[in-house]
Amino acid sequence: MKKVYLCMSTDILQTGHINVIQRAAELGEVTVGVLCDKYVAMYEKYPILPLEERMKIIQNIKGVSHVVVQNDIYYDVNIRDLKPDIVIHGDNWKDGYQKKVRDRVIEVLAEWGGELIEIPYYKSSNLHLFENVMSECRGLPEVRRQMLRQKICSGDIVKIMVAYDGLSALLVEKTTLEKEGERRQFDGIWLSSLCDSTAKGKPDIELVDLTSRMSSVNDIMEVTTKPIIFDADTGGLIEHFVYNIKTLERVGVSAVIIEDKIGLKRNSLLGNDVEQHQDSIEHFCEKIREGKKALSSSAFMLIARIESLILEQSVDDALERAKAYVAAGADGIMIHSRAGTADEIFEFADRFRETDRDTALAVVPTTFDKVREGEFKEHKINVVIYANHMLRAAFPAMKKVVMSVLENERCYEAGLDCMSIKEILSLVPIE
Ligand code: SPV
Ligand code: MG
(Lines give C-alpha, C1' and ligand atoms only; values in the text may rest on other atoms or scores of the structure.)
(Ligands and ions follow the chains in the order given, each with its own letter.)
Protein backbone atom coordinates (compact mmCIF):
# COMPACT_ATOMS: atom_id res chain seq x y z
CA MET A 1 0.00 0.00 0.00
CA LYS A 2 1.32 3.45 -0.92
CA LYS A 3 1.97 6.05 1.75
CA VAL A 4 0.15 9.35 1.18
CA TYR A 5 0.81 12.57 3.08
CA LEU A 6 -1.15 15.79 3.27
CA CYS A 7 -1.07 18.84 5.50
CA MET A 8 -4.10 20.55 6.98
CA SER A 9 -4.27 23.89 8.71
CA THR A 10 -7.98 24.61 8.78
CA ASP A 11 -10.18 24.52 11.83
CA ILE A 12 -13.41 24.55 9.85
CA LEU A 13 -13.75 21.60 7.54
CA GLN A 14 -15.32 22.15 4.15
CA THR A 15 -16.16 19.96 1.18
CA GLY A 16 -12.82 20.79 -0.44
CA HIS A 17 -10.89 19.31 2.49
CA ILE A 18 -12.99 16.14 2.46
CA ASN A 19 -12.43 15.78 -1.31
CA VAL A 20 -8.65 15.88 -0.79
CA ILE A 21 -8.82 13.29 2.01
CA GLN A 22 -11.09 10.99 -0.05
CA ARG A 23 -8.78 11.16 -3.05
CA ALA A 24 -5.78 10.53 -0.75
CA ALA A 25 -7.50 7.45 0.72
CA GLU A 26 -8.09 6.05 -2.78
CA LEU A 27 -4.36 6.33 -3.40
CA GLY A 28 -3.08 4.69 -0.20
CA GLU A 29 -2.66 4.91 3.55
CA VAL A 30 -3.22 8.51 4.62
CA THR A 31 -1.14 10.45 7.13
CA VAL A 32 -2.29 13.99 7.85
CA GLY A 33 0.17 16.56 9.18
CA VAL A 34 -1.79 19.07 11.23
CA LEU A 35 -0.12 22.47 11.10
CA CYS A 36 0.75 23.87 14.53
CA ASP A 37 -1.06 26.96 15.84
CA LYS A 38 1.92 29.26 15.35
CA TYR A 39 2.09 28.73 11.60
CA VAL A 40 -1.66 28.74 11.08
CA ALA A 41 -1.69 32.12 12.83
CA MET A 42 1.23 33.38 10.80
CA TYR A 43 -0.04 32.35 7.38
CA GLU A 44 -3.79 32.26 7.74
CA LYS A 45 -5.68 33.59 10.73
CA TYR A 46 -5.40 32.67 14.36
CA PRO A 47 -7.01 29.21 14.76
CA ILE A 48 -10.13 29.17 16.88
CA LEU A 49 -9.62 25.49 17.68
CA PRO A 50 -6.20 24.71 19.15
CA LEU A 51 -3.91 22.07 17.65
CA GLU A 52 -4.99 19.21 19.97
CA GLU A 53 -8.67 19.68 19.08
CA ARG A 54 -7.97 19.98 15.36
CA MET A 55 -5.93 16.77 15.53
CA LYS A 56 -8.72 14.91 17.29
CA ILE A 57 -11.27 15.94 14.67
CA ILE A 58 -9.04 15.05 11.73
CA GLN A 59 -8.02 11.72 13.32
CA ASN A 60 -11.68 10.71 13.22
CA ILE A 61 -12.35 11.47 9.58
CA LYS A 62 -12.98 8.39 7.44
CA GLY A 63 -9.93 7.60 5.33
CA VAL A 64 -7.37 9.11 7.73
CA SER A 65 -5.01 6.51 9.21
CA HIS A 66 -2.49 8.63 11.09
CA VAL A 67 -2.27 12.16 12.38
CA VAL A 68 1.00 13.93 13.19
CA VAL A 69 1.91 17.48 14.08
CA GLN A 70 3.53 19.54 11.34
CA ASN A 71 5.68 22.08 13.15
CA ASP A 72 6.66 24.17 10.16
CA ILE A 73 5.02 25.66 7.10
CA TYR A 74 7.54 23.57 5.11
CA TYR A 75 6.88 19.83 4.91
CA ASP A 76 10.59 18.83 4.98
CA VAL A 77 10.88 17.24 8.43
CA ASN A 78 7.63 15.29 8.26
CA ILE A 79 8.03 13.95 4.75
CA ARG A 80 11.70 13.04 5.20
CA ASP A 81 10.57 11.10 8.25
CA LEU A 82 7.64 9.33 6.58
CA LYS A 83 9.03 9.12 3.03
CA PRO A 84 5.57 9.08 1.44
CA ASP A 85 5.11 7.86 -2.12
CA ILE A 86 2.63 10.67 -2.65
CA VAL A 87 1.98 14.14 -1.27
CA ILE A 88 -1.44 15.42 -2.18
CA HIS A 89 -2.68 19.02 -2.25
CA GLY A 90 -5.27 21.18 -4.01
CA ASP A 91 -3.95 22.92 -7.12
CA ASN A 92 -4.36 26.36 -5.54
CA TRP A 93 -0.82 26.73 -4.18
CA LYS A 94 1.08 27.57 -7.33
CA ASP A 95 1.25 31.30 -6.51
CA GLY A 96 1.70 33.53 -3.49
CA TYR A 97 3.47 32.47 -0.29
CA GLN A 98 2.52 28.82 -0.86
CA LYS A 99 4.54 28.58 -4.07
CA LYS A 100 7.83 28.21 -2.23
CA VAL A 101 6.31 25.57 0.04
CA ARG A 102 5.16 23.65 -3.05
CA ASP A 103 8.59 23.98 -4.70
CA ARG A 104 10.29 22.59 -1.59
CA VAL A 105 7.85 19.64 -1.42
CA ILE A 106 8.73 18.72 -5.02
CA GLU A 107 12.45 19.07 -4.26
CA VAL A 108 12.37 16.91 -1.13
CA LEU A 109 10.08 14.25 -2.68
CA ALA A 110 12.65 13.86 -5.47
CA GLU A 111 15.14 12.49 -2.89
CA TRP A 112 13.28 9.13 -2.89
CA GLY A 113 11.23 9.43 -6.06
CA GLY A 114 8.01 10.54 -4.37
CA GLU A 115 5.27 12.22 -6.36
CA LEU A 116 3.14 15.34 -5.85
CA ILE A 117 -0.48 14.94 -6.90
CA GLU A 118 -2.63 18.04 -7.15
CA ILE A 119 -6.37 17.89 -7.40
CA PRO A 120 -8.60 20.70 -8.68
CA TYR A 121 -9.28 23.18 -5.91
CA TYR A 122 -12.91 23.03 -4.84
CA LYS A 123 -14.24 26.51 -4.31
CA SER A 124 -17.57 26.37 -2.57
CA SER A 125 -19.90 29.19 -3.53
CA ASN A 126 -20.50 29.58 0.21
CA LEU A 127 -16.84 30.03 1.08
CA HIS A 128 -17.30 33.72 1.81
CA LEU A 129 -20.05 32.80 4.30
CA PHE A 130 -17.61 30.54 6.17
CA GLU A 131 -15.06 33.29 6.15
CA ASN A 132 -17.56 35.82 7.47
CA VAL A 133 -18.62 33.49 10.27
CA MET A 134 -15.01 32.73 11.17
CA SER A 135 -14.16 36.38 11.16
CA GLU A 136 -17.08 37.11 13.48
CA CYS A 137 -15.95 34.30 15.81
CA ARG A 138 -12.42 35.68 15.91
CA GLY A 139 -13.79 39.08 16.83
CA LEU A 140 -15.64 37.77 19.91
CA PRO A 141 -14.20 39.24 23.12
CA GLU A 142 -13.33 35.89 24.69
CA VAL A 143 -11.65 34.61 21.53
CA ARG A 144 -9.51 37.76 21.32
CA ARG A 145 -8.52 37.31 24.96
CA GLN A 146 -7.57 33.67 24.45
CA MET A 147 -5.56 34.64 21.37
CA LEU A 148 -3.52 37.11 23.40
CA ARG A 149 -2.91 34.62 26.22
CA GLN A 150 -1.95 31.84 23.80
CA LYS A 151 0.39 34.07 21.84
CA ILE A 152 2.14 35.20 25.03
CA CYS A 153 2.46 31.58 26.20
CA SER A 154 3.98 30.57 22.86
CA GLY A 155 7.19 32.38 23.82
CA ASP A 156 7.22 34.42 20.61
CA ILE A 157 7.30 38.19 20.72
CA VAL A 158 3.77 39.58 20.72
CA LYS A 159 3.79 42.63 18.47
CA ILE A 160 1.28 45.31 19.39
CA MET A 161 0.68 48.41 17.28
CA VAL A 162 -1.20 51.52 18.31
CA ALA A 163 -4.51 52.52 16.73
CA TYR A 164 -6.69 55.45 17.69
CA ASP A 165 -9.72 55.10 15.41
CA GLY A 166 -11.42 52.63 13.09
CA LEU A 167 -9.26 53.42 10.07
CA SER A 168 -5.89 53.17 11.83
CA ALA A 169 -7.12 49.94 13.47
CA LEU A 170 -8.03 48.55 10.04
CA LEU A 171 -4.44 49.12 8.96
CA VAL A 172 -3.12 47.23 11.99
CA GLU A 173 -5.65 44.45 11.41
CA LYS A 174 -4.99 43.92 7.74
CA THR A 175 -1.35 44.74 7.09
CA THR A 176 0.90 41.75 6.47
CA LEU A 177 4.42 41.51 5.11
CA GLU A 178 6.10 38.48 3.61
CA LYS A 179 9.77 38.55 4.50
CA GLU A 180 12.53 35.99 5.03
CA GLY A 181 10.12 33.12 4.48
CA GLU A 182 7.54 34.23 7.00
CA ARG A 183 4.40 36.29 6.98
CA ARG A 184 4.62 39.12 9.49
CA GLN A 185 1.65 40.84 11.06
CA PHE A 186 0.68 42.51 14.31
CA ASP A 187 -0.83 40.46 17.10
CA GLY A 188 -2.91 43.16 18.69
CA ILE A 189 -3.87 46.79 19.06
CA TRP A 190 -2.76 49.32 21.68
CA LEU A 191 -5.25 51.94 22.76
CA SER A 192 -2.84 54.59 23.92
CA SER A 193 -3.95 57.34 26.29
CA LEU A 194 -1.42 59.63 24.62
CA CYS A 195 -2.87 59.05 21.15
CA ASP A 196 -6.52 58.98 22.23
CA SER A 197 -6.00 62.30 24.01
CA THR A 198 -3.84 63.97 21.36
CA ALA A 199 -6.21 62.95 18.55
CA LYS A 200 -8.94 64.78 20.45
CA GLY A 201 -6.72 67.84 20.97
CA LYS A 202 -6.49 67.15 24.72
CA PRO A 203 -3.47 66.67 27.02
CA ASP A 204 -2.55 63.16 28.20
CA ILE A 205 -3.62 63.74 31.82
CA GLU A 206 -6.60 61.36 32.20
CA LEU A 207 -8.83 64.19 30.99
CA VAL A 208 -10.49 62.22 28.18
CA ASP A 209 -13.05 60.25 30.12
CA LEU A 210 -13.86 56.57 29.80
CA THR A 211 -17.15 57.17 27.95
CA SER A 212 -15.29 59.03 25.25
CA ARG A 213 -12.47 56.47 25.03
CA MET A 214 -15.05 53.69 24.95
CA SER A 215 -16.42 55.12 21.75
CA SER A 216 -12.98 54.53 20.13
CA VAL A 217 -12.91 50.99 21.57
CA ASN A 218 -16.29 50.31 19.97
CA ASP A 219 -15.21 51.69 16.59
CA ILE A 220 -12.09 49.53 16.69
CA MET A 221 -13.90 46.40 17.92
CA GLU A 222 -16.29 46.72 15.02
CA VAL A 223 -13.66 46.53 12.26
CA THR A 224 -11.05 44.21 13.79
CA THR A 225 -10.58 40.74 15.25
CA LYS A 226 -7.23 41.19 17.00
CA PRO A 227 -6.77 41.50 20.77
CA ILE A 228 -7.04 45.01 22.21
CA ILE A 229 -4.78 46.24 25.02
CA PHE A 230 -6.24 49.31 26.71
CA ASP A 231 -4.04 51.93 28.34
CA ALA A 232 -6.07 52.77 31.45
CA ASP A 233 -3.57 55.34 32.79
CA THR A 234 -3.50 55.07 36.62
CA GLY A 235 -6.88 53.34 36.73
CA GLY A 236 -8.07 56.28 38.86
CA LEU A 237 -9.65 55.79 42.27
CA ILE A 238 -9.94 52.16 43.32
CA GLU A 239 -13.65 52.72 43.92
CA HIS A 240 -14.03 53.82 40.27
CA PHE A 241 -11.56 51.32 38.80
CA VAL A 242 -13.60 48.29 39.90
CA TYR A 243 -16.50 49.56 37.79
CA ASN A 244 -14.39 50.72 34.86
CA ILE A 245 -12.48 47.46 34.47
CA LYS A 246 -15.80 45.61 34.27
CA THR A 247 -17.01 47.99 31.58
CA LEU A 248 -13.81 47.43 29.60
CA GLU A 249 -14.24 43.67 29.97
CA ARG A 250 -17.85 43.88 28.78
CA VAL A 251 -17.07 45.94 25.66
CA GLY A 252 -14.47 43.39 24.58
CA VAL A 253 -11.06 44.70 25.61
CA SER A 254 -8.53 41.86 26.04
CA ALA A 255 -6.13 43.39 28.54
CA VAL A 256 -5.81 46.55 30.60
CA ILE A 257 -2.58 48.20 31.68
CA ILE A 258 -2.55 50.47 34.73
CA GLU A 259 0.49 52.49 35.77
CA ASP A 260 1.64 52.92 39.36
CA LYS A 261 1.28 56.69 39.52
CA ILE A 262 -1.05 58.70 41.71
CA GLY A 263 -2.52 62.19 41.57
CA LEU A 264 -2.42 64.19 38.36
CA LYS A 265 -0.94 61.86 35.77
CA ARG A 266 1.40 63.28 33.16
CA ASN A 267 2.81 61.46 30.16
CA SER A 268 5.67 59.18 31.22
CA LEU A 269 8.05 60.41 28.55
CA LEU A 270 8.04 63.82 30.27
CA GLY A 271 9.58 62.07 33.29
CA ASN A 272 10.69 64.33 36.10
CA ASP A 273 10.50 67.47 33.92
CA VAL A 274 6.94 67.72 35.22
CA GLU A 275 5.47 66.97 38.62
CA GLN A 276 4.21 63.42 38.86
CA HIS A 277 4.25 60.89 41.67
CA GLN A 278 4.52 57.14 42.03
CA ASP A 279 1.92 55.31 44.07
CA SER A 280 2.85 53.33 47.19
CA ILE A 281 3.30 49.61 46.68
CA GLU A 282 0.52 48.86 49.19
CA HIS A 283 -2.05 51.13 47.56
CA PHE A 284 -1.29 49.97 44.01
CA CYS A 285 -1.45 46.31 45.10
CA GLU A 286 -4.88 47.02 46.56
CA LYS A 287 -5.95 48.43 43.17
CA ILE A 288 -4.70 45.29 41.41
CA ARG A 289 -6.43 42.98 43.90
CA GLU A 290 -9.74 44.81 43.66
CA GLY A 291 -9.52 45.04 39.87
CA LYS A 292 -8.92 41.30 39.52
CA LYS A 293 -11.79 40.56 41.90
CA ALA A 294 -14.17 42.59 39.73
CA LEU A 295 -13.47 40.55 36.57
CA SER A 296 -15.51 37.59 35.34
CA SER A 297 -13.32 36.41 32.46
CA SER A 298 -10.30 34.35 33.48
CA ALA A 299 -8.63 35.19 30.18
CA PHE A 300 -8.79 38.97 30.66
CA MET A 301 -5.35 40.30 31.63
CA LEU A 302 -4.62 43.02 34.14
CA ILE A 303 -1.09 44.25 33.54
CA ALA A 304 0.71 46.41 36.10
CA ARG A 305 2.98 49.10 34.71
CA ILE A 306 6.01 50.16 36.72
CA GLU A 307 7.13 53.78 36.49
CA SER A 308 10.24 53.54 38.70
CA LEU A 309 12.71 53.99 35.85
CA ILE A 310 10.64 56.84 34.37
CA LEU A 311 10.85 58.64 37.73
CA GLU A 312 14.57 57.94 38.16
CA GLN A 313 14.17 55.28 40.82
CA SER A 314 16.37 52.18 40.82
CA VAL A 315 16.01 48.83 39.10
CA ASP A 316 15.88 47.38 42.64
CA ASP A 317 12.79 49.49 43.34
CA ALA A 318 11.20 48.33 40.07
CA LEU A 319 11.93 44.69 40.95
CA GLU A 320 10.48 45.02 44.45
CA ARG A 321 7.33 46.49 42.94
CA ALA A 322 7.12 43.83 40.21
CA LYS A 323 7.20 41.03 42.79
CA ALA A 324 4.55 42.72 44.91
CA TYR A 325 2.27 43.40 41.93
CA VAL A 326 2.50 39.80 40.69
CA ALA A 327 1.74 38.57 44.23
CA ALA A 328 -1.31 40.88 44.25
CA GLY A 329 -2.62 39.13 41.12
CA ALA A 330 -1.22 41.06 38.12
CA ASP A 331 -1.16 38.88 35.00
CA GLY A 332 1.70 40.83 33.54
CA ILE A 333 4.24 43.56 34.19
CA MET A 334 5.02 46.45 31.89
CA ILE A 335 8.38 48.00 32.65
CA HIS A 336 8.68 51.47 31.19
CA SER A 337 11.75 53.62 30.54
CA ARG A 338 12.57 56.82 28.71
CA ALA A 339 16.28 56.08 28.32
CA GLY A 340 17.89 56.07 24.90
CA THR A 341 19.13 52.50 25.35
CA ALA A 342 17.48 49.39 26.75
CA ASP A 343 20.25 48.62 29.27
CA GLU A 344 18.13 49.15 32.37
CA ILE A 345 15.16 47.38 30.77
CA PHE A 346 17.36 44.35 30.06
CA GLU A 347 18.81 44.43 33.58
CA PHE A 348 15.28 44.48 34.97
CA ALA A 349 14.10 41.68 32.65
CA ASP A 350 17.08 39.41 33.38
CA ARG A 351 16.76 39.84 37.14
CA PHE A 352 12.96 39.51 37.04
CA ARG A 353 13.25 36.25 35.10
CA GLU A 354 15.62 34.77 37.72
CA THR A 355 12.59 34.12 39.91
CA ASP A 356 9.60 34.52 37.59
CA ARG A 357 9.56 32.63 34.29
CA ASP A 358 5.85 32.88 33.57
CA THR A 359 4.45 36.35 34.15
CA ALA A 360 4.07 38.29 30.90
CA LEU A 361 6.58 41.10 30.49
CA ALA A 362 5.81 44.08 28.24
CA VAL A 363 7.88 47.04 27.01
CA VAL A 364 7.21 50.24 25.06
CA PRO A 365 10.38 51.03 23.10
CA THR A 366 9.58 54.60 22.09
CA THR A 367 12.96 56.00 23.20
CA PHE A 368 15.09 52.83 23.01
CA ASP A 369 13.84 52.32 19.48
CA LYS A 370 16.95 50.78 17.91
CA VAL A 371 16.38 47.48 19.71
CA ARG A 372 14.93 44.79 17.48
CA GLU A 373 12.26 42.39 18.63
CA GLY A 374 14.70 39.46 18.62
CA GLU A 375 16.82 41.13 21.28
CA PHE A 376 13.79 41.62 23.53
CA LYS A 377 13.02 37.95 23.05
CA GLU A 378 16.55 37.02 24.17
CA HIS A 379 15.79 38.77 27.45
CA LYS A 380 12.50 36.83 27.77
CA ILE A 381 10.34 39.89 27.19
CA ASN A 382 6.98 38.84 25.74
CA VAL A 383 5.16 41.90 24.50
CA VAL A 384 6.47 44.86 22.49
CA ILE A 385 4.11 47.82 22.15
CA TYR A 386 4.67 50.39 19.39
CA ALA A 387 2.74 53.03 21.25
CA ASN A 388 2.36 56.17 19.17
CA HIS A 389 3.94 56.07 15.72
CA MET A 390 0.70 55.90 13.72
CA LEU A 391 -0.47 59.23 15.09
CA ARG A 392 2.96 60.82 14.85
CA ALA A 393 3.11 59.78 11.20
CA ALA A 394 -0.37 61.07 10.34
CA PHE A 395 0.13 64.56 11.73
CA PRO A 396 3.10 65.61 9.51
CA ALA A 397 1.19 64.36 6.44
CA MET A 398 -1.84 66.45 7.40
CA LYS A 399 0.36 69.44 8.12
CA LYS A 400 1.78 69.19 4.61
CA VAL A 401 -1.74 69.37 3.19
CA VAL A 402 -2.79 72.50 5.10
CA MET A 403 0.48 74.24 4.23
CA SER A 404 0.12 73.32 0.58
CA VAL A 405 -3.44 74.66 0.29
CA LEU A 406 -2.40 77.93 1.97
CA GLU A 407 0.61 78.18 -0.31
CA ASN A 408 -1.16 77.44 -3.60
CA GLU A 409 -4.68 78.66 -2.85
CA ARG A 410 -6.00 75.44 -4.39
CA CYS A 411 -5.94 71.75 -3.49
CA TYR A 412 -4.37 70.30 -6.67
CA GLU A 413 -0.81 70.13 -5.25
CA ALA A 414 -1.99 68.70 -1.92
CA GLY A 415 -3.99 66.04 -3.78
CA LEU A 416 -0.87 64.76 -5.56
CA ASP A 417 0.33 63.19 -2.29
CA CYS A 418 -3.09 61.85 -1.32
CA MET A 419 -4.73 58.50 -1.81
CA SER A 420 -7.50 58.61 -4.40
CA ILE A 421 -11.08 58.81 -3.16
CA LYS A 422 -11.72 55.41 -4.73
CA GLU A 423 -8.80 53.87 -2.88
CA ILE A 424 -9.66 55.36 0.49
CA LEU A 425 -13.25 54.20 0.13
CA SER A 426 -12.10 50.71 -0.73
CA LEU A 427 -10.21 50.44 2.57
CA VAL A 428 -13.44 50.23 4.46
CA PRO A 429 -15.27 46.91 4.26
CA ILE A 430 -18.82 47.01 2.97
CA GLU A 431 -21.20 44.30 4.17
C1 SPV B 1 0.69 55.80 25.85
O2 SPV B 1 0.89 55.42 24.68
O3 SPV B 1 -0.24 56.52 26.16
C4 SPV B 1 1.58 55.36 26.93
C5 SPV B 1 2.98 55.05 26.64
O6 SPV B 1 1.13 55.33 28.04
S7 SPV B 1 3.88 56.48 26.96
O8 SPV B 1 3.41 57.55 26.10
O9 SPV B 1 5.29 56.18 26.70
O10 SPV B 1 3.70 56.84 28.36
MG1 MG C 1 -0.63 56.39 28.32
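Modeller: Quick definition to start: a polar contact here is a pair of N or O atoms within 3.5 Å, and within protein one of them must be able to donate a hydrogen and the other to accept it. Keep in mind that this is a predicted model. Now to Gln276, which sits in the loop between strand 12 (261–262) and strand 13 (277–278). Its relative accessible area is 7%, so Gln276 counts as buried, the cut-off being under 20%. The side chain of Gln276 reaches the backbone oxygen of Asn267 at 3.4 Å, and it also reaches the backbone oxygen of Gly271, at 3.0 Å. Leaving out neighbours within four places in sequence, Gln276 touches Lys261, Leu264, Arg266, Asn267, Ser268, Leu270, Gly271 and Leu311.

Moving on to the nonpolar side of things, the largest nonpolar core has 76 residues, and Val256, Ile288, Tyr325, Ile333, Phe348 and Phe376 touch the most other members. Helix 13 (residues 315–327) gives the most to this core, six residues. Take Val256: again skipping neighbours within four places in sequence, Val256 is in contact with Phe230, Ala232, Phe241, Leu248, Phe300, Met301, Leu302 and Ile303. Another core, of 20 residues, lies apart from the largest one, and its members include Leu35, Cys36, Val105 and Val108.

Leu167, for its part, belongs to helix 8 (residues 166–174), and it counts as partly exposed because its relative accessibility is 39%.

Note on methods:
Residues are numbered from 1 along each chain as its sequence is written. Chains are lettered from A and ligands numbered from 1 in the order in which they are written. This is a predicted model: local features need pLDDT of at least 70, side-chain atom pairs count only at pLDDT 80 or more; totals for chains, interfaces and linings use all residues. Side-chain values use heavy atoms; hydrogens and water are left out. Helices (H or I, at least four residues) and strands (E, at least two) are DSSP runs, numbered from the N terminus. Buried means under 20% relative accessible area, exposed over 50%, partly exposed in between (1.4 Å probe, protein chains only). A nonpolar core is a set of buried Ala, Val, Leu, Ile, Met, Phe, Trp, Tyr and Cys residues joined through side-chain atoms within 4.5 Å. Contact means heavy atoms within 4.5 Å.
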